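Subject: Structure handover

Hello,

Here is the structure for you to look at. My notes are below it.

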Amino acid sequence: MHFTGPVYCPPFEARSFLLQVTTGCSHNRCAFCTMYRDVPFTVEPLSQIEADLQEAEPWKEGISRVFLESGDPFTLSYERLCRIAELIHRYLPHAQTIAMYASIRNISGKTDAELSALRKLGINELNIGVESGSDAVLRAMHKGYNAREARHELLRLSHLNFLAHCSKNEFCIPKTV
Ligand code: SF4
């Protein structure tokens, strides 16, 4: 398996298959975050991703969740995420959930149709560090979006039946699927 730089995942992904598709974080500017401070953002080649999936294939019976690394793999293009999901299903046919970290900016770069198609491919859980519903705090922390934009993108995910793990109370988002 190929892993470059620090590898993080939420505690509840401890038993998931971790697959590195990016290194670092495409934003890497949040004032409080040192997770990938010294790690340049890179996109891993599909040949490497496929090699890792081939290595995991003998254990396919026990793999139902895949967590994509690293800081915000949802920044990848719609087309590339589709290709990665197709490779995952080819080698790990029991995988039902493909989860990852995502930022509000990553979501805003995708249309509703693209989000729906990704969800149908099993990309249906996103972990989002929204951090705050205060524009002043978001600005001071260099999050790269404001509260209105965050609420808009979280509502889109909710309407499209994504499971989004984040602190949404400050935005009064009614539904977590
Ligand atoms: S988007 Fe997430 S990983 Fe990237 S710098 Fe901000 S908190 Fe850190």
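The notes cover the sheet, its strands and the ligand shell.

Please keep in mind that this is a predicted model.

Sheet
The model has an open sheet of five strands, in the order β1-β4-β5-β6-β7 and with parallel pairing. Its edge strands, β1 (17-20) and β7 (163-165), each pair on one side only. On average, and with direction ignored, neighbouring strands of this sheet are turned by 25° against each other.

Strand β1 pairs in the parallel sense with strand β4 (residues 65-69), and four bridges are found between them. Residues F17 and L19 make up the covered face of β1, whereas L18 and Q20 make up the uncovered one.

The β7 edge
At the other edge strand, β7 (163-165), the partner is strand β6 (residues 123-128), which runs parallel to β7 and is joined to it by three bridges. Here E125 stands opposite L163 in β7.

Ligand shell
Which residues surround the ligand? They are C25, H27, N28, R29, C30, C33, M35, Y36, G71, D72, S103 and G129. By class, the shell around the ligand has five nonpolar residues, five polar and two charged.

Regards

How values were computed:
Residues numbered from 1 in each chain as written. Predicted model: local features only at pLDDT ≥ 70, side-chain atom pairs only at ≥ 80, totals over all residues. Pairing = 2+ DSSP bridges. Helix = DSSP H or I, 4+ residues; strand = E, 2+ residues; numbered from the N terminus. Axes fitted to C-alpha atoms, helices over the stretch in contact; angles between N-to-C directions. Near = placed C-beta within 6 Å. Nonpolar A, V, L, I, M, F, W, Y, C, P; charged D, E, K, R; others polar. Buried ≥ 20, exposed ≤ 12 C-beta atoms within 10 Å, placed from the backbone.
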